[in-house]
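Let's take a walk through this structure together.

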Amino acid sequence: MKSLVRALLISLVLLVVSIGLSLAVGSVKIPLATTLQGLFNPGQTQVDPIVLSIVWDLRLPRTILLLLVGAALAGSGCAYQGLFRNPLADPYLIGAASGAGLGAVLAITVRWPASTLGYLTIPAAGFLGAILTVAAVFSIARVGKSSPITTLILAGVAVSSFATALTSLLLINASGELRRALVWLVGGSTMSGWQPVWGALPYILIGLGSLLTMGHALNVLQFGDDQARQLGLRVNIVRLWIIVAATLTTAAAVAFTGIIGFVGLIIPHVMRTLAGGDYRRLLPLSIMGGAIFLLLADILARTLLAPQELPVGILTALAGAPFFLFILRKSKQPFW
Amino acid sequence: MLSIQHLSIVFGSTRILQSITFQARPGKILGIIGPNGAGKTTLLRAISGLIPIDKGELSYANHSLLKMPAEARARLIASVPQATALPPAFSVRDVVMLGRTPYMNWMGQPSMRDNEIVNTAMRQTHTEKLADRRLDELSAGEQQRILLARALAQSTPVLLMDEPTSHLDLRYQIELLDLTRNLVQQEKKTALLVLHDLNLASRYADGILLLNMGKLAAFGLPQDVLRAEILSEVYQIPIQINHHHKKPHIFPK
């Protein structure tokens with residue numbers, strides 16, 4: 001427990017540094033001192049109102065949204081890896097991404113009028129698509145009273161492929177909206193302003209909070225369903241709880257930023273090499289790690305080809321894959 | 001007392017167990033033997049609540065086990081599985097602590113009492129020195145002792161073991177079964193052990209239950225069940241029995 005507190009403190013410091021960087025860096029260069037002044041002393045008149053607006057209305061909500069999304073993806077990825085006892089599991093394993101993609105692309109291609117309401121249909125459709133797909137997978141995979149893990153994964157893969165094929169079909173027929181849909185699918189459609197933050201916040205907070213209570217149950221599940229039952233765990237309820245919490249979290253993240261890959265897969269593994277396999281430690285550390293990683297990836301996405309912005313989903317894979325391979329190579333003991 | 005009455009289990013059209021009735025007593029080891037496919041493992045899985053039963057009654061101290069929620073059953077019955085495919089990255093102490101799951105809330109925060117019980121279980125199984133080691137650093141014999149410690153931490157009156165010695169060498173087999181016998185006697189646990197090795201069953205069991213094709217073929221004291229004519233018929237090979245220190249010694253002819 002002492003080591004967990006220390007690890008959380010270290011990650012908290014890193015998180016604060018990342019937030020600071022994320023606020024200070026961008027196509028308009030604002031000195032850190034000015035940023036801080038703008039944040040904590042907005043009433044003071046020395047700060048240029050344009051700078052104030054950039055910090056308050058653009059960078060701060062974007063930073064908070066990405067922090068939440070990174071935490072959501074890594075936290076639910078960690079829970080799914082534990083639930084499915086599978087190192088390849090990520091938040092999208094049982095259909096959240098393909099379902100959200102289908103929902104969002106559907107909303108984009110039917111071309112609702114570009115009003116505020118029309119704008120919000122995309123995240124809403126993505127959110128609904130993710131939840132409906134996972135619910136479909138879960139009910140298809142039911143055998144009697146429970147859903148065996150391999151059946152769940154196989155049903156997830158099949159339903160995902162189907163949804164992805166439908167999405168491709170829509171994209172082939174779509175004319176002008178193609179670029180917007182593609183950008184959404186590679187995680188580059190982070191919406192600006194505070195609206196998405198308030199939209200995603202409740203789901204992600206409640207979802208991650210629920211997952212954090214599941215550390216002990218996930219530890220028990222690592223010994224297999226039979227032993228978990230013999231140890232007194234109500235396996236079916238626990239599994240449903242984790243799937244619902246992880247799906248809500250993932251759907252909220254996907255809805256407002258598009259599909260950001262790799263965070264939910266690698267961050268839990270990186271944390272596992274650093275902190276071992278105990279899910280009571282792994283879950284909070286993955287949540288912190290995901291937030292830090294996505295903030296750093298977004299800073300790169302905004303600066304590498306500035307003033308052009310890269311989709312952050314491309315950056316997470318571009319920067320994340322080599323980093324992960326390095327960790328994999330360096331790790332001395334099998335961590336799975 | 002653990003009481004099994006007319007237990008029947010059917011999978012599809014196959015009868016796996018047919019009207020099995022027996023009772024097991026505290027402080028004694030009941031050895032369950034029989035050919036492959038006789039239903040030994042199914043019997044243990046039914047008692048520990050992993051598979052639904054079709055007919056019959058299972059009870060402990062006159063409380064039916066059938067309608068019991070998982071955590072209540074886990075406070076009465078602990079199972080020691082075979083130490084295969086264990087997750088590598090857990091510390092030994094954390095694994096033993098999982099035995100306290102039926103007494104903990106969902107967060108799994110151990111109380112003082114949980115810690116004391118885990119310490120006792122580790123002392124009884126001679127695993128205290130391994131407390132901080134990772135599971136994948138241990139030998140098969142040590143892993144099996146850890147799983148026994150986890151079952152002891154469950155503080156249950158009933159202990160089920162499914163072929164606990166099957167992948168252990170001779171020394172670890174004897175060590176584990178000596179340890180189990182001492183604990184069963186000290187703690188007055190009701191123990192059911194599925195054993196493939198008839199001579200180990202003869203050596204350690206206080207009573208023997210012989211299953212054949214889902215039916216109870218014989219149930220009684222070792223010297224009454226481990227007899228040449230009974231075993232030859234069930235295992236369908238000629239068998240010879242010698243007696244060594246008053247215990248039956250089984251040889252295929």
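**A covered helix**

Start with helix α1 of chain B, residues 40–47: seven of its eight residues are buried, so the helix is mostly covered. A residue is buried if 20 or more other C-beta atoms, placed from the backbone, lie within 10 Å of its own. Among the buried ones are Leu43(B), Leu44(B) and Ile47(B), along with Lys40(B) and Arg45(B). After α1(B) comes Gly49(B), with a positive phi near 90°. Helices here are DSSP runs of H or I with at least four residues, strands are runs of E with at least two, and both are numbered from the N terminus.

This is a predicted model, in which local features need pLDDT of at least 70, side-chain atom pairs count only at pLDDT 80 or more, and totals for chains, interfaces and linings use all residues. Residues are numbered from 1 along each chain as its sequence is written, while chains are lettered from A and ligands numbered from 1 in the order in which they are written.

Now for the sheet. Chain B has an open one with four strands in the order β2-β1-β4-β5, paired antiparallel (pairing takes at least two DSSP bridges between two strands). Its edge strands, β2 (14–24) and β5 (63–64) of chain B, each pair on one side only. Strand β4(B), residues 55–60, is joined to β5(B) by two bridges, and Tyr60(B) has His63(B) in β5(B) as its bridge partner.

Finally, look across to the other chain: 23 residues of chain B are in contact with 22 residues of chain A (contact puts C-beta atoms, placed from the backbone, within 7 Å). Helix α2 of chain B, residues 70–74, gives the most to chain B's side, with three residues.

Notes: Buried ≥ 20, exposed ≤ 12 C-beta atoms within 10 Å, placed from the backbone. Contact = placed C-beta atoms within 7 Å.
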